[in-house]
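Please look through the sequence and the coordinates below before reading on.

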Amino acid sequence: MPLKSNFKSDLEREQELCILLDRYYKQYLKHYTFERVSDMPKQLAGIDLIFIHKTNGKKFYIDEKAQLDYINENLPTFAFELSYEKKGILKEGWLFDTSKKTEFYALITSIYADDPNTFTSCKITLVNRQKLLDLLMERSITLSALKKYILPEQRTHGKIKIDELHHRSEGYLFASTKNKAEKPLNLILKLDFLEESGVAKRLA
C-alpha cells in the first residue's frame with residue numbers, strides 16, 4: 001500500500017490552529033503588530049506572517065512551523081527539514097534553502113486539542129534563522145557535511161547520531177523512509193539547546 005500524503009488534512013488543521021495562534025500573538029507580542037500572509041509566492045518563500053514594530057515600522061518575516069503530527073504531546077525537540085522526496089525526486093528541505101526569505105521561525109509545539117480540530121493551547125518558540133544557521137555552521141553542520149551519514153542505498157529509517165551534536169542534549173538526524181510518503185530527512189534539535197545557545201526565545 002503506498003504511503004499517503006497528509007497535505008490536505010494538514011492544511012485544514014493549520015487553518016484551525018491559526019485562530020489560536022492569532023490570539024496568542026495579540027496577547028504576547030508587546031512591541032509588534034502582525035499580519036497574516038495569504039499571497040502564495042510569499043508563502044512559498046517562507047513567509048506566513050509579518051511582525052511590524054509598533055514604533056519604527058520595521059518588518060520581520062516569520063515562517064510558522066507546527067508539530068501537527070503530535071497533538072496532545074509535549075515534545076522537547078523540533079524537526080528541521082533537510083530533504084524530502086516528491087514524485088521520486090529528492091528535493092532540498094526548507095532549513096538550508098537559500099531562496100527562502102524567512103527571518104524567524106515560529107515553532108509551534110505542545111499543541112493540545114479537545115477534539116481533532118479544536119485547539120486549546122500550544123507553545124510558541126521564536127528562532128532567529130540567521131543565528132541558527134550560524135550556530136550550525138560553527139558546529140560544521142551543513143547539508144554536504146551531513147551527507148556522509150546518509151547512504152542512499154541503505155534507506156536508513158529512524159534516529160541517526162552525528163558527531164557534531166550530543167544526541168541527548170542537542171540533537172540528531174532522523175530519516176522517515178518507512179512511514180511518510182515524502183521520506184523526509186530531518187535535523188532534530190532540542191528546544192532547550194536552541195534557547196541556551198541564544199538563537200531561540202519562548203514567546204508563549
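The model is a predicted one, and in it the protein chain has five helices and 11 strands. Its radius of gyration is 17 Å, close to the 17 Å that the globule rule gives for 204 residues, so the chain is as compact as a globular protein of that length. Taken along the principal axes, the box that the C-alpha atoms fill is roughly 55 × 40 × 35 Å.

Of the 204 residues in the protein chain, 45% are buried, where buried stands for under 20% relative accessible area. Among the contacts in the chain with a separation of 6 or more, 55% are accounted for by residues 24 or more positions apart. The accessible surface comes to about 11900 Å², and carbon and sulfur atoms hold 51% of that area. As for charge, the chain carries 33 positive and 29 negative side chains, and the centres of these two sets lie 1 Å apart.

Within this chain, strand E9, which spans residues 171-175, is mostly covered, with four of its five residues buried. Strand E9 is joined by three bridges to strand E8 (residues 158-160), and these two run antiparallel; Gly-158 has Ala-175 in E9 as its bridge partner. Strand E9 is also joined to strand E10 (residues 185-190), here by five bridges and again in an antiparallel arrangement, and in this pairing Tyr-172 stands opposite Ile-188 in E10.

Notes:
Residues are numbered from 1 along each chain as its sequence is written. This is a predicted model: local features need pLDDT of at least 70, side-chain atom pairs count only at pLDDT 80 or more; totals for chains, interfaces and linings use all residues. Side-chain values use heavy atoms; hydrogens and water are left out. The radius of gyration is taken over C-alpha atoms; the globule rule is 2.2 Å times the number of residues to the power 0.38. Buried means under 20% relative accessible area, exposed over 50%, partly exposed in between (1.4 Å probe, protein chains only). Contact means heavy atoms within 4.5 Å. Accessible areas come from the Shrake-Rupley method with a 1.4 Å probe; for residues, only the protein chains shown count as cover. Lys and Arg count as positive and Asp and Glu as negative; His and the chain ends are not counted. The place of a charge is taken as NZ of Lys, CZ of Arg, CG of Asp or CD of Glu. Two strands pair if DSSP finds at least two bridges between them.
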